[in-house]
Amino acid sequence: MDSETDLTQAYDEFWEDLFVEADLSGSPQQEAFFRLYARMAGEAGECTDLVYTPARKDGRGAYQVDGYALEKDTEELYVAVSDFREGRDQSLNVSQIETLLQRTKNFLELSASPEFITSLEETSPAFEAAYPVYSNSKSIRRIRIIVFSNARLSTRRPPEHAAEIIGRPVVLSIFDFARYDAMKRSMGRSETIEIDVTKLNEKPLPALEVQTGESGYSGYLTAIPGPLLSSIYSLYGARLLEQNVRTFLQAKTKVNRGIIETASTEPEMFFAYNNGITATASKIEVIRSSDGACGIKSISDLQIVNGGQTTASVLYAKDRSGADLGRVLVPMKLSVIVRERIDETVPKISRFANTQNKISEADFFSSHGFHVKMEQISRRLVAPAKPGFLSGSKWFYERARGQYKDQLAYGTPATRRKFEHEFPKDQMIDKTDLGKFELSWLCQPHIVSLGEQKCFVEFTGKIGKEWEKDESVFDEGWFRRVVAKAIVFRWTDRMVAASDWYKEDRGYKAQIVTYTLAWTVAWLKRGRNSEISLERIWTNQAISHELGSILEHVAREVAKKVKDTPSNVKNVGEYCKQAACWVAVEKMPIRIGNTFPPDVRPVQSSRPETLNSAEIRIDTASDELSGQERILNIRQIFNGSGKLSRDHVIMRLGELAGYSTLDDVGRKEMENAIRTAVRRGILESHGDQLGIQAHTITDFDKGFLKEQFFSSLGGRGWVDREESIRNFARWLGYRRTGPWIEEATRSIMNGLIRQGKLERDGARVRRAS
């Protein structure tokens, strides 16, 4: 932020982001603030997935904790404390930081006390944050405290060691507004990390410079002392891991017992036994002795691209075993690349350095073919208009962080408004969202409950394998279905947040949402041989009232169930991460009744399966709805097109109806829909070519419209006039009414009434006898 104008713009964008986050999730501003900062801090490698646990007490013995994460593999406790302010451009000073640190310390010290634990309600946020500290107090080796603030530090403050809490070393990091805004604008690039080697090592690090003859690149070989490596990692943690694979390395960087044993029992042989680490930097400062020997004084943008396990294990050899690292030397190859070439070169070094590890091509995911293809589809595929809108819009797939904001950063106000109209803010999906949507649908809510990063790692493994088998599966149809899942997921998220029962006992919203969707998907498949019609939801860009009622009922019951933990489990959030929780929820009986929403259909294979005899009536109604849906789909297929081949229309109708392939029966159903559309004057047929005959209702002959209106009425029952207008519009393939349709239909009805062919009773009409 170089000027007052930049600062004003930065705060404008921050508040806009916060309001959008609060609106989309139905959360209070404080929670939305926490989630914005936690997401950015996670991407920066500052923390793993944080659980929101707003625990606060003011006055004497004040304490505060807003989120936590416990990494049992590395035995680190992450604690976040929020400093959310409603004003703009406020300062964050040392005394305020000390106050926040003291409040956090008070909470952690209380959490180690059994009296404090027993005094808390077991479903409260305070208990959720305190119990992991209490139950794991002996195994926690390090505490990382992160301060989230939308105020600004006067000068940047790197991570620093703080006084011990509950006998454990503490690292304090400040995530102020300047840092948040810089991360947001970095377009996925890592934060600059400046390592003062001379300060941490008490002398420069001897190194051998490798002459490559390549401009913009230089190489160094060195043996980094154990104390220096452990000190760097204790301060910066996962931020040292290369940005493109940080999420994966962070999840897979387990402590290696063999490395710990070597460091503890044979430290002098560590250099011989270990392969070492591969790292990159954008700049180093060197000093040369009188004999020309090279020593590294400082390193900028240090990133470890291979050797994360070695780095972590050296630190934990000291923590766990009390190893004397003074005799440990770790081989390191350091590549220094000019900043302009980092984005191009570092991912290649990372890829080649990890060829023997379990980091597959799918792990280098922001540039993976899957994400590139989803991005391309999202930029061209127009979604049908939402209810109440006249035109369609697009869903923006953000392959790399900041793409959406970057599009808004340039151009005139008019072009920015045009972009937001084409890609509304609430129709942006990023790649971590996909993991939540897909795994919820695959009935793995316990994996989703692990948090965004771990969920994403699981998702990439599945997608990577499917992509290798057949990448053609990931087409426009796949994208439409995942957007439909997003619509259902986000509707459920907002519904839970707005529910009175949730407001009375806040907490575990994320878990309730994913378990609700998983239970519903599993119940429909198991109990009714049915599934949510993602094609219909895509077409409507909304879920039906009937499906919403089911989800609301299920969510309330699921909330009760996940909070009813087994007697040996105290923490609800941790319980939701276990497969045992899903087993308990899945078999939970919930009375749904005989409701069969219009956006639920029989399970689709090559063609719909037959429902059992008890549901024949529902199946018939579903078939009638499917027939009408195909008429509506015909207009969608021809949107923006001229003439199309009959075969093309048949195949597109099949895809929109959910068929993976069309057998003879399915093809006949699609041909019947085409013939119906021709009879109703929607299509005209020219041999093998089909085209729209009447684009708007004014293109129809009025006498023909009267005949069609009569047909749309069905039998002689009374029908509400407004309902008859909507039915007639759908009969002619229009999903929604508008002024022209309403005016034309009322004119038709009035004429038929005058002719005695239609009877009227107040707001109702029917065929005359």
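Student: Where does His 446 sit, and is it buried or exposed?
Tutor: His 446 lies in helix H18, residues 445-448, where helices are DSSP runs of H or I with at least four residues, strands are runs of E with at least two, and both are numbered from the N terminus. His 446 counts as buried because its relative accessibility is 13%, buried meaning under 20% relative accessible area, exposed over 50% and partly exposed in between, with a 1.4 Å probe and protein chains only.

Student: Before I go on, what kind of model is this?
Tutor: It is a predicted model, in which local features need pLDDT of at least 70 and side-chain atom pairs count only at pLDDT 80 or more, while totals for chains, interfaces and linings use all residues. Residues are numbered from 1 along each chain as its sequence is written, and side-chain values use heavy atoms, with hydrogens and water left out.

Student: OK, and which residues is His 446 in contact with?
Tutor: Leaving aside neighbours within four places in sequence, His 446 is in contact with Tyr 515, Cys 576, Lys 577, Gln 578, Ala 579 and Trp 582, contact meaning heavy atoms within 4.5 Å.

Student: Zooming out, how many helices and strands are there in the chain?
Tutor: The chain has 32 helices and 24 strands, and 54% of its 769 residues count as buried. Among contacts between residues at least 6 apart in sequence, 72% join residues at least 24 apart.

Student: Switching to sheets, what is the order of the open sheet of six strands?
Tutor: The order is E1-E2-E3-E4-E6-E5, with mixed pairing, and two strands pair if DSSP finds at least two bridges between them. Strand E1 (51-57) and strand E5 (160-165) are the edge strands, each pairing on one side only.

Student: How do E5 and E6 run, and what stands opposite Glu 160?
Tutor: E5 and strand E6, residues 168-175, run antiparallel and are joined by four bridges, and Glu 160 stands opposite Leu 172 in E6.

Student: Which helix packs on that sheet?
Tutor: Helix H8, residues 226-236, packs on the sheet and touches strand E4 (142-149), E5 and E6, with its direction at about 40 degrees to that of E4. Angles here run from 0 to 180 degrees between N-to-C directions, and axes are lines fitted to C-alpha atoms, for helices over the stretch in contact.

Student: What about H28 and H29, how do their axes cross?
Tutor: The axes of helix H28 (residues 646-656) and helix H29 (residues 664-679) come within 9 Å and cross at roughly 110 degrees. The two helices are therefore roughly perpendicular to each other, a class that covers 65 to 115 degrees, with angles under 35 counted as roughly parallel, over 145 as roughly antiparallel and the rest as oblique. Residues making the contact include Ile 650 and Leu 653 of H28 and Met 670 and Ile 674 of H29.
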